Amino acid sequence: MIELKNYSAWYSSDHENQALSGVDLLMDGGKAIVVGPNGSGKTTLFRSILGMVRENDGTAKIFGKNPTNIRSELKVSTNLPEVYRLISGSVGDIIEVYSDLKDSKSDAVYRLLRDFGLSDIVKRKIFNLSTGQQKMLCNLLAVSFHPDLVLLDEPFENLDQNRRYRYFNLLKSLDAAILLNTHELEIVKKLAEWYLYFMIQGKLYGKFKGSQIDDLYITRGEVAENISVWRTDFGTFSITQGEGSVKISGIRNLNSIFDEVV
């Protein structure tokens, strides 16, 4: 479904601000999580898969196609809000347009909105919604209309505990491949059977299993018996299993992960 080989991407045409560097990712079904600090390139990775990043190098394919042609691929969906903001009408208009585009019925979407306590947003425009309402709407649209592949960018951010719990259960029951990114390590523990990747400064490391998270450690330097080596602007770090300097699942804030490694 997704094939990236030595893929790099830049924010600008002068190639001075690199967002992704030499990413390799092969995904053919299943469910996976990409974990990394804010600004590590997770959202750019998803935009690249969807053909939304022009400045790039390397190989990128989705369902065997170049991402620039993905606009006609109805099997792929995402919760990236810019996809749904293209329509200037109400939430109900957005639902009906996507229902028509994907040759599907809209009933299930309205039922999900009711289940998540969002029936009152149907007549409102997406840019008039609160941050949490907008996130939840995009999350629900992403899993609607029978997709084969779903890309979820920080889907639990700005959600209350009840909606988080309900959405976790919805994802676990969804019959589709899912690639989800987050900066919250607690989410990995809740999705232990999913594959796990780490994204650090635009580089992708893995794959692991979510169930390994409590057994992974990070140590400064390149040590023997490592299972992954991260080369960063802050130095070189080794990922080991069973023992090491700092237990990854115990790190308080993933945005300061390297500050916690002595």
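Is aspartate 103 buried or exposed, and what is its relative accessible area?

Modeller: The model is a predicted one, and the values below are computed from it. Aspartate 103 is exposed, because its relative accessible area is 74% and the cut-off for that class is over 50%. The residue is found in the loop between H3 and helix H4, the latter covering residues 107–115. Its backbone deserves attention as well: phi of aspartate 103 is near 50 degrees, a positive value in a residue other than glycine. Most residues other than glycine have a negative phi.

Aspartate 103 also belongs to a negative surface patch, which it forms together with Asp93, Glu96, Asp100 and Asp107. Helix H3, residues 91–101, supplies the largest share of this patch, namely three residues. Aspartate 100 is found in helix H3 and counts as exposed because its relative accessibility is 63%. In an α-helix, with 3.6 residues a turn, residues three or four places apart point the same way.

Glutamate 154 lies in the loop between strand E6 (149–153) and helix H6 (161–173). Its accessibility is 6%, so glutamate 154 counts as buried, whereas aspartate 103 is exposed.

A cis peptide bond, with omega about 20 degrees, joins glycine 206 to lysine 207. Most peptide bonds, by comparison, are trans.

For a helix under cover, one may turn to H5, in which 11 of the 12 residues are buried. Among them are Met136, Leu137, Leu140 and Leu141, together with Lys135 and Asn139. The length of H5, residues 131–142, can be checked: at 1.5 Å a residue its 12 residues should span 16 Å, and the end C-alpha atoms are 17 Å apart, which agrees.

Glycine 244 counts as partly exposed because its relative accessibility is 37%. In sequence, glycine 244 and isoleucine 218 are 26 residues apart, yet their C-alpha atoms are 6.0 Å apart in space.

To return to the request, aspartate 103 is an exposed residue with a positive phi, and it is one of the residues that form the negative surface patch.

How values were computed
Residues numbered from 1 in each chain as written. Predicted model: local features only at pLDDT ≥ 70, side-chain atom pairs only at ≥ 80, totals over all residues. Heavy atoms only, no water. Patch = residues over 30% accessible without salt bridge, like charges linked within 9 Å, V, L, I, M, F, W, Y side chains within 5 Å. Areas by Shrake-Rupley, 256 points an atom, 1.4 Å probe, with all protein chains shown as cover. Salt bridge = Lys/Arg side-chain N within 4 Å of Asp/Glu carboxyl O. Lys, Arg positive; Asp, Glu negative; His and termini not counted. Charge placed at Lys NZ, Arg CZ, Asp CG, Glu CD. Helix = DSSP H or I, 4+ residues; strand = E, 2+ residues; numbered from the N terminus. Buried < 20%, exposed > 50% of the residue type's maximum accessible area, 1.4 Å probe, protein only. Expected span 1.5 Å × (residues − 1).
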